[in-house]
Amino acid sequence: MSTQTFAQKLQKAMDDRGLRQADIVRLAQKDGMPIGRSHISQYLSGKVKPRSEITDYLTYILGVRPDYFQDNDEPWQEKAFFRKSHKLDNVLYDVRGPVVELAREMELSGTHILKLNIGNPAPFGFRTPDEIIYDMSSQLTDCEGYSDSKGLFSARKAIMQYAQLKHLPNVTMEDIYTGNGVSELINLSMSALLDNGDEILIPSPDYPLWTACATLAGGKAVHYLCDEENNWYPDIADIRSKITSRTKAIVVINPNNPTGSLYPQEILQQIVDLAREYHLIIFSDEIYDRLVMDGLKHVSIASLADDIFCVTFSGLSKSHMIAGYRVGWMILSGNKKLASDYIQGINMLSNMRLCSNVPGQSIIQTALGGHQSVNNYIVPGGRIYEQREFIYDAVNRISGLSAYKPQAAFYIFPKIDTARFNIHDDEQFALDLLKEKKILIVHGKGFNWNKPDHFRIVYLPRIEILKECMEKMADFLAGYRQR
Ligand code: PLP
């Protein structure tokens, strides 16, 4: 016989799912169910049991067995239900989370959504150079088989030459791995490294795949602050204060998503010094290194550290506007002797996935050589540059918003005056904006930012669209007070 009360079962299911009362109320509101905060408190205190349709709804959102809340003498046949792994319980990936889910539902019912949420250049009219398409199509018949698990020789040679131009020390052909986008290699590099409870320093705000993959691998993502008051540069004192005996590595995202910040050499040097002092691996995500504006120059952190083991990530999704072709790579450099065992693990996982998409690899040599068409976008008169100028002005003109000027990539991370709008839940803010103005943004929490006072705009749409979005946002904020 079931020994747990309804209240105990509800509390357990909420804990298992990591849901708070407010989360349930919000989901219920979204789904049009009459569940308020006082109802949940009463269910949890055991004073009241919900009606059957509310119980059914709770069963659904908590993802529990259909008879979980019933007083049932029969032992449940657990195996008859398929639940996601508990390894995913603490994994957060809100860039494609509930707000996007609601946008999708709205689109399915015919609503046009203004999307400022995903860094995917092609749908906004950024075209890949013709030469790349031509070269891929003419090599297709040669790409039918698996390649070497690390990638085609020609692709890795081109990446090695790129590494030389970026002054990465001690790189051979064996240190280069192609991947189905940087994403696959982030996952692979975290899985090969982290034991349960191992700590890894990750920026806040971050590109959330890093935190998600570290967590999924069993590691503990420890977030270090990037400081808005200082151009969003990593706060070195904060990093130092968070290093423990279990810290294995530090992740640097430079240029940064979501802030658009480009780190100067002095900051990178201080991170290198910390890595040296505490024996940390440096993982550097540099996927935006060719999207740097204002005549600034990107410095690869690995170039400052020939005595430290570094892994540098990049790819063609952003610089060549071919996110859908899934072309990325990672480069091991510096003191590889320190990491020979870890490298064996990387090789094992790389072999297990056989190889990355071979047609994608076939264009790396073309893409990295010769004229870089992306350069036309990032100078005055170019689309990314002009859109950056526009969005920076437009954001700062809205009363209650302010933003640092991004120097790279195509994101801006505005700050909201939360007191003025009574904002205590940034996901709710994103949902309200979506419902009222049909504008889709990602709230700060989606980037592991722990205050409800930021959101990210992707400024890839053309200026006319950005203008429409910003007018609507100004109008929305003029009357907004969060309940
Ligand atoms: N790293 C950062 C910082 C990103 O912003 C992104 C995508 O937005 C990725 C990695 C993933 O890139 P890819 O398309 O190569 O998987």
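**A first look at this fold**

User: Which loop holds Ala-409?
Analyst: This is a predicted model; local features are used only at pLDDT of at least 70 and side-chain atom pairs only at pLDDT 80 or more, while totals for chains, interfaces and linings take in all residues. Residue numbers start from 1 along each chain, following the sequence as written. Helices (H or I, at least four residues) and strands (E, at least two) are DSSP runs numbered from the N terminus. Ala-409 sits in the loop between strand S10 (401–402) and S11.

User: Is Ala-409 buried or exposed?
Analyst: Count C-beta atoms, placed from the backbone, within 10 Å of a residue's own: 20 or more others make it buried, 12 or fewer exposed, and anything in between partly exposed. Ala-409 has 28 of them, so the label is buried.

User: What is phi of Ala-409?
Analyst: Ala-409 isn't a glycine, yet its phi is positive. The angle is near 60°.

User: Where is Asn-448, with its positive phi?
Analyst: Asn-448 isn't a glycine either, and its phi is about 55°. With 20 other C-beta atoms within 10 Å, Asn-448 is buried. Its place is the loop between strand S14 (442–443) and strand S15 (455–458).

User: How many helices and strands are in the chain?
Analyst: Using those DSSP runs, the chain has both kinds of element. The tally is 18 helices and 15 strands.

User: What radius of gyration does the chain have?
Analyst: The C-alpha trace spans about 70 × 50 × 50 Å along its principal axes. The radius of gyration is taken over C-alpha atoms, and the globule rule is 2.2 Å times the number of residues to the power 0.38. For 483 residues a compact globule would come out near 23 Å, which agrees with the chain's 24 Å.

User: Which element gives the most to the side of domain 2 that touches domain 3?
Analyst: The C-alpha centres of domain 2 and domain 3 are 26 Å apart, and the contact takes 27 residues from domain 2 and 26 residues from domain 3. On the domain 2 side, helix H15 (383–397) and strand S11 (411–412) are the elements that give two or more residues. Giving 3 residues, the top contributor is H15.

User: Which residues come nearest to the ligand?
Analyst: A residue is near a molecule or strand if its C-beta atom, placed from the backbone, lies within 6 Å of it. H8 gives the most to the ligand's shell, with 3 residues. Of the 13 residues around the ligand, the nearest are Gly-181, Val-182, Ser-183, Tyr-207 and Ser-317.

User: What is omega for the cis peptide bond that joins Asn-254 and Pro-255?
Analyst: Pro-255 is in the loop between strand S6 (247–253) and helix H11 (265–278). Its bond to Asn-254 is cis, and omega is about -5°.

User: Which residues does Phe-69 touch, leaving out those up to four places away in sequence?
Analyst: Phe-69 lies in the loop between helix H4 (52–62) and helix H5 (98–108). It counts as buried, with 22 C-beta neighbours inside 10 Å. The residues touched by Phe-69 are Phe-6, Lys-9, Thr-55 and Thr-59.

Note on methods: Domain bounds come from an automatic or database domain assignment. Two residues are in contact if their C-beta atoms, placed from the backbone, lie within 7 Å.
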